[in-house]
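Biologist: Before we discuss any assignment, could the structure be shown, so that each term can be set against its criterion?

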Amino acid sequence: MEYSNTLTKFGAAPADAEIRAILADVQARLRTNGNEEVYRRCFRSIDLTSLGATDSHEHIERFVAKAVRFPGHYPDIENVASVCVYPVFVETAGLVIADSGMTITSVAGGFPSSQTYLEVKMLETAMAVENGADEIDVVISLGEMLSGEYDLMGNEIETLRNEVGDDVVLKVILESGVLARPELIHRAAVIAMEAGADFIKTSTGKAAVSATPEAAVVMCLAIREFAERTGRRVGFKAAGGISTPQDAVLYYTIVERILGPQWLTPALFRIGASSLAGNLLNAIVGREENYF
């Protein structure tokens with residue numbers, strides 16, 4: 001597909017003034033949204049993440065088991081949406097997660113740099129799905145995006161979409177902190193959605209700059225326009241550096257302001273995080289729990 005031509009069907013990226021105006025409105029709404037009910041909604045949208053260089057099968061077993069046991073300790077709090085691990089640990093996670101209701105998310109496709117052969121990305125993605133991944137998070141080819149090779153970038157995502165299949169959720173990471181400029185973030189978002197992304201995600205959490213409110217605004221505006229033009233709703237995932245309840249409420253409020261309450265479910269809104277789960281839990285129950 002010629003994704004360069006696709007971009008002409010969509011509007012331009014928002015101007016800085018529009019982004020600032022939206023964020024000013026979001027700031028005004030934060031006072032209202034900083035409450036227990038919103039904390040609970042953010043908690044249920046978490047992709048509880050372990051992507052460390054020192055992860056092991058034993059560590060992942062303990063990590064997933066703690067998430068699985070959560071409802072037994074806190075039956076009145078809806079559990080996190082997913083656990084997110086490296087592909088090599090998908091099968092391990094699956095043996096523990098059983099019928100808990102959580103999904104298994106696997107990063108794939110040469111995460112976090114995406115700098116490997118397309119054939120390797122395809123194989124890694126296919127193996128993660130075969131081993132039980134319900135959701136796949138892949139990173140765009142940033143070099144191609146920054147070089148203006150939009151067709152190459154888009155067709156790679158399309159290839160991975162086909163590898164994943166229709167029954168698995170595909171989240172495409174834009175690494176918005178590297179793209180930086182609103183026009184590049186907007187173009188990457190449009191191409192990823194046209195190529196079949198079910199979600200677009202801000203960051204890997206491995207770059208110098210991760211999620212920012214400005215990038216989230218640009219991405220959510222692109223999602224809104226895409227839905228208006230195509231009738232297809234694409235989800236938004238914020239990830240990278242999100243650790244406090246205030247951080248979570250900020251991204252929740254951006255989604256609420258631009259996309260509306262229909263997007264504020266785990267089917268269309270996720271937060272990728274590790275320490276956030278514990279901090280949100282403390283805010284919900286009103287005391288220090290140290291569960292996660």
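Predicted model: local features only at pLDDT ≥ 70, side-chain atom pairs only at ≥ 80, totals over all residues.

Biologist: What makes the pair of Phe10 and Phe226 stacked?

Modeller: Planes under 30 degrees apart count as stacked. The ring centres of Phe10 and Phe226 are 6.0 Å apart and their planes lie at 10°, so the pair is stacked. The search of the whole structure finds ten aromatic pairs.

Biologist: Where in the chain do Phe10 and Phe226 lie?

Modeller: Phe10 belongs to the loop between α1 (3-6) and α2 (16-33), whereas Phe226 is in helix α11 (residues 213-230). The two are 216 residues apart, and the pair links distant parts of the chain. Both Phe10 and Phe226 are buried.

Biologist: Why is the pair of Tyr86 and Phe111 called edge-to-face?

Modeller: The criterion for edge-to-face is an angle over 60 degrees, with centres within 6.5 Å. For Tyr86 and Phe111 the angle between the planes is 70° and the centres are 6.2 Å apart, which meets the criterion.

Biologist: What does the pair of Tyr86 and Phe111 tie together?

Modeller: Tyr86 lies in the loop between β2 (82-85) and α5 (90-97), and Phe111 in the loop between β3 (103-107) and α6 (118-130), so the pair ties together parts 25 residues apart in sequence.

Biologist: How do you know whether Phe111 is buried or exposed?

Modeller: Buried means under 20% relative accessible area. Phe111 has a relative accessibility of 11%, and therefore counts as buried.

Biologist: How do you know that the charged end of Arg229 sits over the ring of Phe10?

Modeller: The atom CZ of Arg must be within 6 Å of the ring centre and within 35 degrees of the ring normal. The charged end of Arg229 is 5.6 Å from the centre of the Phe10 ring and is assigned as sitting over it. Likewise, the charged end of Lys66 sits over the ring of Tyr291, at 5.7 Å from its centre. Tyr291 is also one of the residues in a cluster linked by ring pairs, together with Phe43, Phe70, Tyr74 and Phe292.

Biologist: What makes β2 a strand with both faces covered?

Modeller: Ser82 and Cys84 on one side and Val83 and Val85 on the other are all buried. In a regular strand the side chains alternate between the two faces of the sheet. Strand β1 (residues 46-49) pairs with β2 in the parallel sense over three bridges, and Cys84 is the bridge partner of Thr49.

Biologist: Which residues lie closest to the centre of the largest pocket?

Modeller: Among its 20 lining residues, Thr49, Thr204, Gly205, Gly272 and Ala273 are the closest to the centre. The space in this pocket is about 260 Å³, and its lining divides into seven nonpolar, ten polar and three charged residues.

Biologist: Which element gives the most to the lining of the second largest pocket?

Modeller: That element is α4, with four residues. The second largest pocket holds about 170 Å³ of space, and residues including His59, Arg62 and Lys66 line it.

Biologist: What is the volume of the largest cavity?

Modeller: The largest cavity holds about 40 Å³ of space, and one cavity of 30 Å³ or more is found in the structure. A cavity, by definition, is a set of points where a 1.4 Å probe fits but cannot get out. Helix α8 supplies the largest share of the lining, four residues.

Terms used
Residues numbered from 1 in each chain as written. Heavy atoms only, no water. Buried < 20%, exposed > 50% of the residue type's maximum accessible area, 1.4 Å probe, protein only. 1 Å grid on protein atoms, 1.4 Å probe; cavity = no way out; pocket = protein on both sides within 12 Å on 5 of 7 lines; lining within 4 Å. Points joined across faces, edges and corners; volume = space filled by probe spheres on them. Nonpolar A, V, L, I, M, F, W, Y, C, P; charged D, E, K, R; others polar. Pairing = 2+ DSSP bridges.
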